[in-house]
Amino acid sequence: MRVRLDPRQWPGRVIPETDAEIDTAVEALCLRATWPDAHRAAVRRVVEPWFGEGWSVDALLAAVDRRPDGTRQGSPRSRDQVAHDFLRARLRSWWQGGARRARPPVAGMTLGAWWRINRRNARLVEPRPRRPLSTAGSLAREQSRERVRARLKDPVERARELARRRQEVLDSLLVPGQRVPTFDDARKLLADVRLPAHPVCTRCGCRQGVLPNAA
């Protein structure tokens, strides 16, 4: 399957097979590992046999970070280390008994399989085409629109609709099982308040005893 992909968009789990795919995967590996100074041809010579045994870019990056037992490989690559020599040294721990390569830590797939999965996912999330309404559905929609337009034309009906919506909002704030408070309830609360009585001065009109008590 001949598909030209930008290295920045290369699927990390795809196992490259053709020369063009391997070149793209090598560039994607250097970009993701932040190796701008890497010698691409030398990196390709290191990773091409691994690609041939089912390894992908994601698998190589995982092997650079971890050993087969899950322990960390060590500190990242320093500036004085050559990229392809650093990669070869990190992949050395993935040789089983020095005879063959271990299984990749990340399962891979072909570019064709990835393309089919990608297209299937795109079909699942794309919006479904709208089905045309039947005659009865079109008639019901038009009748509903006519009722809405009729309410909007009548100012009295608009005021009633606004009052109805406000009442629904206020009712939603009530505690379940409690009735709506009335003006009588408010008057009863005020009747229970007892204000202290103070004699009023006949000369200035102030309440005697308030200021001394406050002081």
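Of the 32 residues in the largest nonpolar core, Leu29, Val43, Val47, Leu60 and Leu87 touch the most other members. H1, H2, H3 and H4 are the elements that give two or more residues to this core. A nonpolar core here is a set of buried Ala, Val, Leu, Ile, Met, Phe, Trp, Tyr and Cys residues joined through side-chain atoms within 4.5 Å. This is a predicted model: local features need pLDDT of at least 70, side-chain atom pairs count only at pLDDT 80 or more, and totals for chains, interfaces and linings use all residues. Residues are numbered from 1 along each chain as its sequence is written, and side-chain values use heavy atoms, with hydrogens and water left out.

**Overall fold**

- The protein chain has 9 helices and 2 strands. Helices (H or I, at least four residues) and strands (E, at least two) are DSSP runs, numbered from the N terminus.
- Along the sequence, the pattern is α-α-α-α-β-β-α-α-α-α-α.
- Of the 215 residues in the protein chain, 24% are buried. Buried means under 20% relative accessible area, exposed over 50%, and partly exposed in between (1.4 Å probe, protein chains only).
- Among contacts with a separation of 6 or more, 53% join residues 24 or more positions apart. Contact means heavy atoms within 4.5 Å.
- The accessible surface of the protein chain is about 16600 Å², and 54% of this belongs to carbon and sulfur atoms. Accessible areas come from the Shrake-Rupley method with a 1.4 Å probe; for residues, only the protein chains shown count as cover.

- Val43 is in contact with Val26, Leu29, Cys30, Ala38, His84 and Leu87, leaving aside neighbours within four places in sequence.
- H3 is mostly covered, with 7 of its 9 residues buried. They are Val57, Asp58, Ala59, Leu60, Leu61, Ala63 and Val64.
- The cover over these buried residues includes H1, H2 and H4.
- Ala63 sits in helix H3. Ala63 counts as buried because its relative accessibility is 0%.
- Ala63 touches Trp55, Gln73, Arg90, Leu91, Trp94 and Pro105, not counting residues up to four places away in sequence.
- The C-alpha atoms of Ala63 and Pro104 are separated by 8.1 Å, although these residues are 41 residues apart along the chain.

**Largest pocket**

- The largest pocket has a volume of about 190 Å³. On a 1 Å grid over the protein atoms alone, a pocket is an open set of points where a 1.4 Å probe fits, with protein on both sides within 12 Å along at least five of seven lines. A volume is the space filled by probe spheres set on the points.
- The lining has 13 residues, of which Val64, Asp65, Pro76, Arg77 and Phe86 lie nearest the centre. Lining residues have an atom within 4 Å of a point.
- Helix H3 (57-65) and helix H4 (83-91) each supply at least two lining residues. The largest share, 3 residues, comes from H3.

**A loop residue**

- Thr34 lies in the loop between helix H1 (19-32) and helix H2 (40-52).
- Phi of Thr34 is near 55 degrees, a positive value in a residue other than glycine.
- Thr34 is exposed, with a relative accessible area of 60%.
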